[in-house]
Amino acid sequence: MRTPGRQDGDEAELIERSRKGDSAAFGVLVERYQRRVVGVAQAVVHNQDDAIELAQETFVRAYENLSKFESRSSFSTWLYRIAANLAIDFWRREGRHVVLHGEDAETEIGKLPTAQGDSFKEVSRSELSARLKQALEELTPEHRAVILLREVEGMSYDEISDVLQCPRGTVMSRLHYARTHLRKILKDVSGS
Amino acid sequence: MAECGEISVMLGAFEDSELEPNEMQEVAFHLARCESCTGILADYSTLGRNLRSISVEPKLAGFSSAVIARVERLPQPAHIRIARFFRRQMDSLGAGLAWGGAVAAAAVLTIILMTPYAEQFARKGAGSGTSVADATHEAVPAPNQIASSSGNEPTMADNDSQAVISRLESPNRSVAVWSEPRRDTTVIWLPDQP
Amino acid sequence: MTLRPGSLAFLIIAIAALGTQGLCYAQAPTKQVYVYIDSVMAADTNEGTDPRLSPMDKKLRGLFGFSTYSLIGHIEGETSCGKMIAFALPGGKILHVQPRAIDNDMIAMEIVLFDGTRPMMTTDLKLKNNGTLIVGGPRYETGMMIISIGASTSGAQPGGTHSAMQAQVAGTPGESAAH
């Protein structure tokens, strides 16, 4: 979802200047995409501190490899791919379970729907939130990435397919699996 | 008619508006008649909302400067390091020049624009009735013509409301459109046909 | 003081060029369109207005003469010009919204309302940014359905319901989820 025309021309110039060593121009690109790059990394590793570190590494890698960037894909997609690959490698390498820090574990109780008439009936909201986070951890990084990129980052299937470099059909089947799995777990929570 | 098993795998994509139009229609048609699948769809919507509610907005203060600091520590060819040095010098000079130049440009433009009027005023004196104001005319747009079909004659929407309707088609003979300028609202009325 | 036009133009351009040194690039904002759909059941059952509909209570009462207004669905979506977004509404209705262009704070769009697979209405319109369009009339349970369609380029919901995330009213019926 990008506005063509002026932004593309602007971006092409920023990339060219960055290639020539203009760090201020690269800084503009960082500010433009930092939120989304962190979001992509967080969709895989699900820990904000790690995601921010991975996002910084993403931009550094991108800067180092600007000469290899071709305009076949968009700059943003190229960035997100780097972020996703770094995050998946990190997750596999570290192989650790995320410890939920205090602020990550907080839920905004008022944001959850009222229970009456809702499919998930009367549940403790903090319990629901904790169980949902645990359920996300139980998914593989690939399944977690697609569901969070779709639901939290709002990416389209084509964008997710580009970023994760897998066919659109794979994105759809992983989403279906992730939704079915999470729905079942949440139904169990609401039923208990 | 599609079975629930076929439809259930498409529900997520329906929710995401990622199906082909004919598939969207097929799922929509099934949902209108299947409470079970409608319930699953509602669960997917709730799941999405819950996922968004537990996501934490990242704290990005200082992020870009940290990245730039790392980037600038990377080994660079000599010509790039020299270019960076001169660019930094020009940036600090440029800021001062920018303000000075902008003020000077504004002053010159003001003088140039006001000089003819000042001369005119001095020549003709205070008693002149010359008006230099331009009249602007706002065209009052004509009420929208709404295309009718199936023999309808819908009422027209007023341009004062928040919506300007250029086309309205409906098989409903009783369709009507009206606007409430005081409430900034346009209403399309589609009563069920007997 | 008089100057020849050519010299004058050169002077202005030269000063303006000096004046723009060191200024930052402006970023062109990406134009997303946020669509907000509230489905309301209106009836003559004297139950008052759903508290979540309080921002539009006056408007509803002024437009329609019912004594009960209940929020039966709230759904939101994000799209961009040229991309259609579909919403499943209560009562088997489907709403397609496709923004076409954004022109002077007006969002041009096509809206199609289906009853299952049967199109009920197709309209091309320009809706004011942060404005709403009301579609009313289809029967729903014991009353009538009113669909409030809002669109915004800023992500702030036009004066519609309190969203599900903010309502703190106990005992109110659950609503359709945000998209």
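In the predicted model, C:Tyr36 stands opposite C:Gly150 in E9(C).

The contact between the chains as a whole involves 46 residues of chain B and 43 residues of chain C. On the side of chain C, two or more residues are contributed by each of helix H1 (5–19), helix H2 (57–63), strand E4 (85–89), strand E7 (118–128) and strand E8 (131–140). Sorted by class, that side of chain C comprises 23 nonpolar, 15 polar and five charged residues.

Strand E4(C) has four of its five residues buried and is therefore largely enclosed by the rest of the structure. Its antiparallel partner is strand E5 (residues 93–103) of chain C, to which E4(C) is joined by five bridges. Within this pair, C:Ala86 lies opposite C:His96 of E5(C). The two strands form a hairpin with three residues between them, and C:Gly91 in the turn adopts a positive phi of about 75 degrees. A positive phi also occurs at C:Asn104, a residue other than glycine, where the value is near 55 degrees. C:Asn104 is located in the loop between E5 and strand E6 (106–115) of chain C, and counts as exposed because it has 7 C-beta neighbours inside 10 Å.

Chain B contains six helices and three strands, arranged along the sequence in the pattern α-α-α-α-α-α-β-β-β. Of its 194 residues, 26% are classed as buried. Among the contacts in chain B between residues at least 6 apart in sequence, 19% connect residues at least 24 apart. Helix H4 (residues 35–54) of chain B has 20 residues, which at 1.5 Å a residue should span 28 Å; the end C-alpha atoms of H4(B) are 28 Å apart, in agreement with that expectation. The buried residues of H4(B) include B:Ile40, B:Leu41, B:Tyr44, B:Leu47 and B:Ile54, together with B:Asp43, B:Arg49 and B:Asn50.

Among the elements of chain B, helix H2 (residues 11–15) has the highest mean pLDDT (92), and helix H6 (residues 78–124) the lowest (77). Residues 127–160 of chain B have pLDDT below 50, and this stretch makes 50 contacts in the model beyond near neighbours in sequence. Where pLDDT is low, the predicted coordinates should not be read in detail.

The largest nonpolar core comprises 115 residues, of which A:Ala41, A:Ala83, A:Ala87 and C:Leu95 touch the most other members. Not counting residues up to four places away in sequence, A:Ala41 touches A:Ala51, A:Leu54, A:Ala55, A:Ala83 and A:Ala87.

Elsewhere in chain A, A:His143 is situated in helix H7 (residues 141–151). A:His143 is partly exposed, as 19 other C-beta atoms lie within 10 Å. Leaving aside neighbours within four places in sequence, the contacts of A:His143 are with A:Arg174, A:Tyr177 and A:Ala178. The C-alpha atoms of A:His143 and A:Val171 are separated by 8.7 Å, although these residues are 28 residues apart along the chain. In the loop between helix H8 (157–164) and helix H9 (168–191) of chain A lies A:Gln165. A:Gln165, a residue other than glycine, has a positive phi near 50 degrees, and with 11 other C-beta atoms within 10 Å it is exposed.

Methods:
Residues are numbered from 1 along each chain as its sequence is written. Chains are lettered from A and ligands numbered from 1 in the order in which they are written. This is a predicted model: local features need pLDDT of at least 70, side-chain atom pairs count only at pLDDT 80 or more; totals for chains, interfaces and linings use all residues. A nonpolar core is a set of buried Ala, Val, Leu, Ile, Met, Phe, Trp, Tyr and Cys residues joined through C-beta atoms within 7 Å. A residue is buried if 20 or more other C-beta atoms lie within 10 Å of its own, exposed if 12 or fewer, and partly exposed in between; C-beta atoms are placed from the backbone. Two residues are in contact if their C-beta atoms, placed from the backbone, lie within 7 Å. Ala, Val, Leu, Ile, Met, Phe, Trp, Tyr, Cys and Pro count as nonpolar, Asp, Glu, Lys and Arg as charged, and the others, Gly among them, as polar. pLDDT is the predictor's confidence in each residue, from 0 to 100. Two strands pair if DSSP finds at least two bridges between them. The expected span of a helix is 1.5 Å times one less than its number of residues.
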